[in-house]
Amino acid sequence: MTDAAAAAAARPALNATAKFVATPEGTALAYGSLVLMALLPIFFGALRSVSCSNRGHSSSPDMPETITSRDAARFPIIASCTLFGLYLFFKVFSQEYINLLLSVYFFVLGVLALSHTMSPLMSRIFPASCPNKQYQLLFTQGSGESKEEIVNYEFDTKNLVCLVISSVVGVWYLLKKHWIANNLFGLAFALNGVELLHLNNVSTGCILLGGLFVYDVFWVFGTNVMVTVAKSFEAPIKLVFPQDLLEKGLEASNFAMLGLGDIVIPGIFIALLLRFDVSLKKNSRTYFYSSFLAYIFGLGLTIFVMHTFKHAQPALLYLVPACVGFPVIVALFKGELTEMFSYESSDELLPGSPRLTSFPTISGSPASLASSMDAISMATGSSPRRRRVQPTSM
């Protein structure tokens, strides 16, 4: 949702503070930066989702979570219940204490997510002259034949360096709530979501996006629940960029905002289309690039409509038709529509691949993203790497 008049990050939200009149330069810089930041986790997360899918064949700890059609159909219902539940919580209990608990929760998840995001880069830049020692963190319960492993983490020096850097960012966010620290965590959450949450086929993606399309429009236009929760909810579940950066520098405080759900939800569909492109073995990325351009078009249209009508806009209202419609039209012209809808992501066929028997509610709203981070934390917890003892339901 975009809203030039609201200071809240209503999900999905691009907005600005009402009391501040941004200059044309400041507005262009803010929204341009948000669009760029939204594209980065989608592009690189989609590429990493292909690598993640390939690693699944070798019993990698970074195996993706697979979303089936049944999961997708239930997403909007669970997301709505979560959103309304948080609305009641903020009405009944102290906002200060709730946000304190959420800050600690997202601090832990943010450190793990950022560490997992940094891990490939650290592997490339880590000096060869430095010893890369292996470590293991093991907690067990019971003894003898009844001994059960509770925690079994394997990690190395590179992972420790990533954790230290991520922890510094986490402390910075926890103490200052600075917008740069917020964005580092937000980008990490979005990239990990796109990489590690896999749709099993295009039909499932259409069900998910269609359901959240209705969810988004209803909670934005039909009630004030989403805006109320967003105003009360303090967590790195949105990307922000100051519109007064040119005037106040890094201490700027009047932000344009983009909800993570407007990145993750279309992003996992775009990543699926990239894996479909790879499966065609035609050395072409037609569907990936068409959906990627469609996302840019949809997000730009959202900003345009918001500024034209000066009213809050649910971003999925524009993103869903664009991201689904463009690839379908391309498939029709290429005569590959049946092939596209019959494609099954290889993750679903892997015998060791986990599936969402108990699933998170990723919808991008502050409410649903709070509970959705449990799924991402399971995936991002692999850096330090986690050796799976046995699959567990989330």
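Author: Let us begin with the contacts of the whole chain, keeping in mind that this is a predicted model. Among the contacts in the protein chain with a separation of 6 or more, 76% are between residues 24 or more positions apart.

Reader: How many helices and strands does the secondary structure of the protein chain come to?

Author: The protein chain has 13 helices and eight strands.

Reader: And what share of the residues of the protein chain counts as buried?

Author: Of its 394 residues, 54% count as buried, while the accessible surface of the chain comes to about 17,000 Å², with 65% of that area belonging to carbon and sulfur atoms.

Reader: How should I read the packing of two helices, and at what angle do the axes of α2 and α6 cross?

Author: In general, two packed helices are described by the angle between their axes and the distance between the axes. Here the axes of helix α2, residues 69-92, and helix α6, residues 202-222, come within 7 Å and cross at roughly 20°. Because angles under 35 degrees count as roughly parallel, α2 is roughly parallel to α6. The crossing of these two helices, α2 and α6, is right-handed.

Reader: Which residues of α2 and α6 meet?

Author: From α2 the contact involves S69, A72, A73, F75, P76, A79, S80, L83 and F84, and these meet T204, I207, L208, G211, L212, Y215 and W219 in α6. Sorted by class, the residues of this contact of α2 with α6 are twelve nonpolar, four polar and no charged.

Reader: Is α9 roughly parallel or antiparallel to α10?

Author: The axes of helix α9, residues 261-280, and helix α10, residues 286-309, come within 7 Å and cross at roughly 160°. Since angles over 145 degrees count as roughly antiparallel, α9 is roughly antiparallel to α10. On the α9 side the contact is made by D262, I263, P266, I270, L273, L274, F276, D277 and L280, and on the α10 side by T286, Y287, F288, S291, F292 and Y295. The contact of α9 with α10 has eleven nonpolar, two polar and two charged residues.

Reader: Turning from helices to a loop, where is P314 found, and is P314 buried or exposed?

Author: P314 is found in the loop between α10 and α11, the latter being residues 316-334. With a relative accessible area of 0%, P314 is buried, because buried means under 20%. Its C-alpha atom is separated by 8.2 Å from that of F221, although P314 and F221 are 93 residues apart along the chain.

Definitions and conventions:
Residues numbered from 1 in each chain as written. Predicted model: local features only at pLDDT ≥ 70, side-chain atom pairs only at ≥ 80, totals over all residues. Heavy atoms only, no water. Axes fitted to C-alpha atoms, helices over the stretch in contact; angles between N-to-C directions. Helix = DSSP H or I, 4+ residues; strand = E, 2+ residues; numbered from the N terminus. Parallel < 35°, antiparallel > 145°, perpendicular 65-115°, else oblique. Left-handed = near helix turned anticlockwise from the far one by under 90°. Contact = heavy atoms within 4.5 Å. Nonpolar A, V, L, I, M, F, W, Y, C, P; charged D, E, K, R; others polar. Buried < 20%, exposed > 50% of the residue type's maximum accessible area, 1.4 Å probe, protein only. Areas by Shrake-Rupley, 256 points an atom, 1.4 Å probe, with all protein chains shown as cover.
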